[in-house]
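Colleague: Could we go through this model together? I would like to follow how its parts are put together.

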Amino acid sequence: MKHRLVWGLAFALVAGSAGLAGSANEEPAEIQLPPGPTHWKAEKPAGTAAGPVTADMLRAAATPADTWLQYGGNYRNFRHSPLKTLTPQSVAKLQVAWAFPTGTVGQFEASPVVYGGVMYVTSSYNRLFAIDAKTGELLWRYDHQNKENLRLCCGPPNRGVAIAGDSVLMGTLDAHLISFDRKTGEILWTVEVAKWNVGYSITSAPLIVGDLAIIGVAGGEYGVRGFFDAYDVKTGKLAWRHYTVPAKAGEPGAESWAGDSYLRGGSPAWTTGAYDPETDTLFWTTGNPSPDWDGDGRKGDNLFSNSLLALEPKTGNLKWHFQFTPHDVWDYDGNTQIFLVDAKYDGQPRKLIVQANRNGFYYILDRTDGKFLRATQYLEQVNWATIDASGRPVVNPESVPKEDAKFRTCPSNLGGMNGAFTGALNPDLGLVFIPSSEACQVFTKGISAFKEGLPYLGGLPETVDATAGKAYGNMAAIDVVTGQVKWRYRDRRPMMGGTLSTAGGVVISGNLEGEVLAFDAKTGKVVWRFRANGGVRSQPIAYQLDGRTYVAVPTGSFTALDSFAAGVNRVPEGGTMFVFALPK
Amino acid sequence: MRRVTLLALALALACSTTEERASAPAEPESPAAAFARDPAAVARGRSIFIGTCGAYCHSTKNVERDAPSLFDCEWKHGGSDAQIFASISNGVPNTRMPAFTGALPQGDDDLWRVVAYLRSASECKAGKR
């Protein structure tokens, strides 16, 4: 950010007193001041009592109580804290322990990482803070200097860091990946993942698998060629890249695109995947084909858009795939959170992978081979399709975008569930908790032409009845195996905040009007509300230090996007971290 | 007498105005103004706006989203046809508005059609902001 002051008046006074005739009539001059500091390293190394984060720690089935090591809580993405201290009875006793401002607007979407008593959290526009997790004291800080005209479809979020060894890693909106010394904040290495000015950006948290940091790109609204990469954690050297769309005829999936439309095919990999150590399988998901709302030029299924990919983590080679929404013309990204569940299905123990997809259906697959098992509707409003026995949508032709569209299609292009926020899974209850938007839109098709770095959209979804009580939000508890909705909490606005589950039986999330909410996991009853006054778009976490239980909830929304699937939101932007604690 | 004087004064004013009009160089018509008289051109401008400028940026309604409303009376970067065309062509530095010159199938004509559509759908009326 440039620091500029208009010194016109001062200049005029000085010029006048010095007898510089005519100078006072000139335009006020803009004088550029030296840039302020953007990187504050630790005064003394922080978190030194803890050793390096090891592969075994990341492989652990349960999240250790004194840490929060990964975006998804664990490799299975449960976001389920083992803390039994957070119960429907105790949660109302939470008090603010500390708060922390980010100094930025836009959605504060991160899931903090906690390790060695230090919280690592990223804000919008890629500020990275290392904070004493008990006291809130700032230990080190890095403000990434992004370019000024970034190619962002949907605001400036970052969803958090990954931690590995003694480093923390952050992807940036200008499509770089940076590794920091977790104790000091020193930069260890930086790599350019992609060219930001052609439409790439990074908003997600990396996933660490072995010695590799895996990170994907956004850019589905710019006709980029989607991919995700694996980098050596220690050196930043690229180990492999997996493209999500083909580059030429004859490559897998090329036959599913008309002509050479795959060259502008989008299908970004903008969220964090999952890893199954037992079968050594990496799971990653992909987003919409480009252009979003006009499929005329890309007839076919458009592989591997809107898909779940199973890969070998050491090579990035594909094992199998499953496509949720072939030939998508609604922006129903397949990027929502995937959960790796071991459960009895039809009486047999199965290794399952489940997802509440943006398209309104909850999917259950066998994660060993990608076999489709079941899809059930988890939203209240779905009319774009039904799902047949093979898992393929049977599309309602009225819902397809048209130039003179009138049909109200559900869900909206934001979903349903959305990759920008998380659900959580309580394995003891067999319930997965899914926040969602319940909104519908008219999808109008229009003319778009591809040019590198420019939006490549092809249409316009518009919510037509947001103020009529028909655009709202739900938190739903879904039976993991049957897909049946056990309870729903309804909020006035779409629910676009992430989710935390606890072994004590609560679910913590928040709404866009700025309330942090806690639910009884069994019943959905709201057992605690805290008015943070910043829309909740983040992924809450819990941890315990010196016997005291903490809950961290970043707050601060991006109202332009909030208003997209609902009415205008009056709540101002601005990021603030709230950390609550149970009484000592 | 008084009526004659007023009439003479009015005639004089009218003549001078006519003379000034005749002597001033004629404003060239904006391509957008010409397209505005052609419903097919306005419809194409609308379709381009929907397919290229809408969605996560501008709304087709007079509401401000992540990008400003283009259907009220306020133009942050100049409200003449030529200025709007320039904003679309060159983009607006340090905002999310990129430069669309050369980006559309029929080049500048398509950009002028977008300007014609914006004019046709504007809710800006005299005295209203």
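Modeller: Let us begin with a definition: two strands pair if DSSP finds at least two bridges between them. Helices (H or I, at least four residues) and strands (E, at least two) are DSSP runs, numbered from the N terminus. This is a predicted model, in which local features need pLDDT of at least 70, side-chain atom pairs count only at pLDDT 80 or more, and totals for chains, interfaces and linings use all residues. Residues are numbered from 1 along each chain as its sequence is written, while chains are lettered from A and ligands numbered from 1 in the order in which they are written.

Colleague: Fine. In what order do the four strands of the open sheet in chain A run?

Modeller: The order is 5-40-39-38, with antiparallel pairing. Strand 5 (95-101) and strand 38 (541-545) of chain A are the edge strands, each pairing on one side only. From one strand to the next, the twist averages 25 degrees; axes here are lines fitted to C-alpha atoms, for helices over the stretch in contact, and angles run from 0 to 180 degrees between N-to-C directions.

Colleague: And how many bridges join strand 39 to strand 40 of chain A?

Modeller: Six bridges join strand 39 (residues 548-555) to strand 40 (residues 576-581) of chain A. Ala552(A) stands opposite Val579(A) of strand 40.

Colleague: Let us move to strand 36 of chain A. Is it mostly covered or mostly uncovered?

Modeller: Strand 36 (residues 515-520) of chain A is mostly covered, with five of its six residues buried. A residue is buried if 20 or more other C-beta atoms lie within 10 Å of its own, exposed if 12 or fewer, and partly exposed in between; C-beta atoms are placed from the backbone.

Colleague: Which residues are bridge partners there?

Modeller: Ile508(A) has Ala518(A) as its partner in strand 36 of chain A, and Glu515(A) has Arg531(A) in strand 37 of chain A. Strand 36 runs antiparallel to strand 35 (residues 506-510) of chain A, and five bridges join the two. Five bridges also join strand 36 to strand 37 (residues 526-531) of chain A, again antiparallel.

Colleague: What about the hairpin of strands 35 and 36 of chain A: which residue takes a positive phi?

Modeller: Gly514(A) does, near 95 degrees, in a hairpin that has four residues between the strands. In the hairpin of strands 36 and 37 of chain A, which has five residues between the strands, Gly524(A) takes a positive phi near 85 degrees.

Colleague: Now chain B, please. How many helices and strands are there?

Modeller: Chain B has five helices and zero strands. Of its 129 residues, 32% count as buried.

Colleague: Which residues are buried in helix 4 of chain B?

Modeller: In helix 4 (residues 81-90) of chain B, they are Asp81(B), Ile84(B), Phe85(B), Ser87(B) and Ile88(B). Seen down the helix axis, these buried residues fall within an arc of 160 degrees (the arc of the directions from the axis to the C-beta atoms), so they line one face of helix 4 of chain B. They pack against helix 2 (31-36) and helix 5 of chain B. Gly91(B), which follows helix 4 of chain B, has a positive phi near 75 degrees.

Colleague: How many residues does each chain bring to the contact between A and B?

Modeller: Chain A brings 27 residues and chain B brings 19, where two residues are in contact if their C-beta atoms, placed from the backbone, lie within 7 Å. Strand 31 of chain A gives the most to the side of chain A that touches chain B, with four residues.
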